[in-house]
Structures are given as C-alpha cells and as structure tokens.
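I opened the model this morning with a few plain things to look up. Here are my notes, in the order I took them.

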Amino acid sequence: SKILGYSLKSLDPLYNEKNNIRASENFFKFKTKNVPPSSNSFEILKDILKYSLRPLLTPTSLSLASICKKIKKDKHKVVLSGAGGDELFCGYYISCIANIISTKAKEKKKKLSFWKNNIEKFIRNRKFKNLDQINFNKFKYDFNNYSEDDSFLRQNIKDYKKIKSTKFHKDIFFNHMLQCIYKDQLPAQLIQNDNVSMYYSLECRSPFLSKQLFEYLYSLPKDFFMFNGIPKNILRSSFKDELPKIIINDYNKIGFYNSLTSFFSKNDFKKIRKYILNSKILKKMIKLNNLENYLNNNTQKKYSNTIDKLIFSMLNIAILEEVLNR
C-alpha cells in the first residue's frame, strides 16, 4: 500500500523522534510530513469544543489537531493510529516497573539489571531513578496514581481527591495493564482521537485494538511482556525482521507531546487568562489566585506537564461553560 506518514514537528528536543522517523522512511520507502503546531490552535480548540460539546483531556489533542488539519488539507480520509500499543504490550515505564516487582526473584534480578543498564538513563521521574529504594508493595494496585506528582494539584484544586483505582486482577502486573486499558490511559486517548479526527471528517482507526489480539496477548505468561527485561518484548520480537534495528533497540519512551507555549501565543494566553478567571464553575473548584502567574505567561515560559495539563483542563471547562450558557 502507498502509505504517507505524518508527525508533529516537536519544538522540544526531549520529544523529538526525527532519527526514528528517518529510519522508518528509508526502510519502508515512504515519506513523512513534519507538521508544525497550528498557529491558530486557540480558535481550533474553541471550534472543536463547540462541535463536540466534550472536553479534550490533555494538550496532546492540540498536537493531533495540527496533524489532522494537515491530513484533511491533503485530502486523505483514513488515519491509522498507534493507540493501544503501549497499553497492550507493556510500553510505559510504570508498566515495566509493575512487571519487575511482580516477577519471581531469579527473573526479577535479570530485569532489574536490564533496567539499570538500558532504561534508567532515560527516566525523568525522580521517583523511579532507583528502584531498589522504593517500597512498591504499598502501591501495588495503584501504580498510575503513584507515578503522578500531585503536589501542585493538591495546592490549587479545592477538595482535591485522587481518583480511586479499580482492581481488575489479583496479579499486580495484569491489574496495572487492565487499569491502563479500561480506566486510565486508553479511554482518554480514544475520546480525544475520536473528537478531533471526526471534527476534521477523518476516520481514525486503531489496528492494535483488536479483540482477538487482546485475548491472545492476555492468555500469555506475563514474563513474555518483558522477557529478559526488554519492554514491549512481544512486539519487538514479532517485528525484529520487519523494522529498522534503531527502532527495535530503542528503549527511550519519548511520548507525543508539545508544551502549551508551542500552540498558544502571548496574545492567546491573555485570552486564556480571561476565560479562566471569568469562569463561575472554576471559581468553585480552583484556587485561581494561586495560578495568576502561570496564566499571565508574558514570557512564553514552559511549565511542567502537570501545570500545562491543569491550565488546559481549566480552559476546556471555561470554553464549554461559555458555549452552554449561550
């Protein structure tokens, strides 16, 4: 098939995958269009929310919107998404940790060794820098909550409460994976993918989300998911002759992310500030006075993912409040 790739042009070196993209292009003989963040992302966000009447959950949706806008302009109709790849095959670092600590002693030693030699150098979350010093038993059925640094949210959200985790399975690893699939990461991704792609009249399909594939994978021993410590081992092994070695042997989980300053100008931040501070709903939920400095953003300063996500969530609520009150 004639395939054309699209990728967001990342302005942050931490999220730049140009080497892997180039390797894929050369290996498969296809082209990838690197799409810059849309300069009118604020208006696009407002239009999508008016269209769907559903909030977009993370700034990643703006990345997807920039790409879908370009795909639509190029007159394509179907998009293949990688949604589910990490959730099904053990791709997140926190999923690897759940696998390691739920493994018997002999295999655990191998996996810890691989982690220290090949993965630890990529870890940015300070909590996971030294696994030997963490008592994970306290969080064994609640890994996703533990992985988040919620201090900023506690300081700024009134009556803040963490979402209660659902226990799906008695095994620590399988329980974590099923939480990702049924409750945490994947549902949020799919809502956003659907809202954004349908706004641009694109059919967004996720080939990994096959019932037969899911049933097969979760009939396998959990050791297969991280055999000898290798994340996504089943997927890597299955495609070892079908993908470039640089991708097969890349253990850096980069992610699909750009900061809000990539999408919003100084003038946009003035509008964002006005929307948020005028929201009656947010005044009941958020300590808005604490966030004035972040909302001004006169210097286009980049903030942490947690701060970006909170500002973006508040903006969604404020826009929808205006739309629904008209």
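**Entry 1: a serine in a loop.** I began with Ser38, which is buried because its relative accessible area is 9%; buried means under 20%, exposed over 50% and partly exposed in between, with a 1.4 Å probe and protein chains only. Ser38 sits in the loop between β2 (32-35) and α2 (41-52). Helices (H or I, at least four residues) and strands (E, at least two) are DSSP runs, numbered from the N terminus. Setting aside residues up to four places away in sequence, I found Ser38 touching Ile44, Ser66, Lys69 and Phe263, where contact means heavy atoms within 4.5 Å.

**Entry 2: ground rules.** This is a predicted model, and local features need pLDDT of at least 70, side-chain atom pairs count only at pLDDT 80 or more, and totals for chains, interfaces and linings use all residues. Residues are numbered from 1 along each chain as its sequence is written, and side-chain values use heavy atoms, with hydrogens and water left out.

**Entry 3: the cores.** Next I asked which residues of the largest nonpolar core touch the most other members. They are Leu45, Phe264 and Met314, out of 45 residues in that core. A nonpolar core here is a set of buried Ala, Val, Leu, Ile, Met, Phe, Trp, Tyr and Cys residues joined through side-chain atoms within 4.5 Å. Elements giving two or more residues to this core include β1 (5-8), α3 (60-73) and α17 (305-325). α17 gives the most, with ten residues. I also noted another core lying apart from this one, with 32 residues, among them Cys90 and Tyr218.

**Entry 4: aromatic rings.** I then turned to the rings of Phe, Tyr and Trp (its six-membered ring), which pair if their centres lie within 6.5 Å; planes under 30 degrees apart count as stacked, over 60 as edge-to-face and the rest as tilted. The count comes to 20 aromatic pairs. Phe173 and Phe174 have ring centres 5.4 Å apart and planes at 55°, so I logged the pair as tilted. Both of these residues, Phe173 and Phe174, are buried. For Tyr182 and Phe214 the centres are 6.3 Å apart and the planes at 80°, so that pair is edge-to-face. Tyr182 is partly exposed, at 49% relative accessibility.

Entry 5: Is Lys29 buried or exposed? Lys29 is exposed, at 72% relative accessibility, and has a positive phi of about 60° although it is not a glycine. Cys90 also has a positive phi, near 75°, but Cys90 is buried at 0% relative accessibility.
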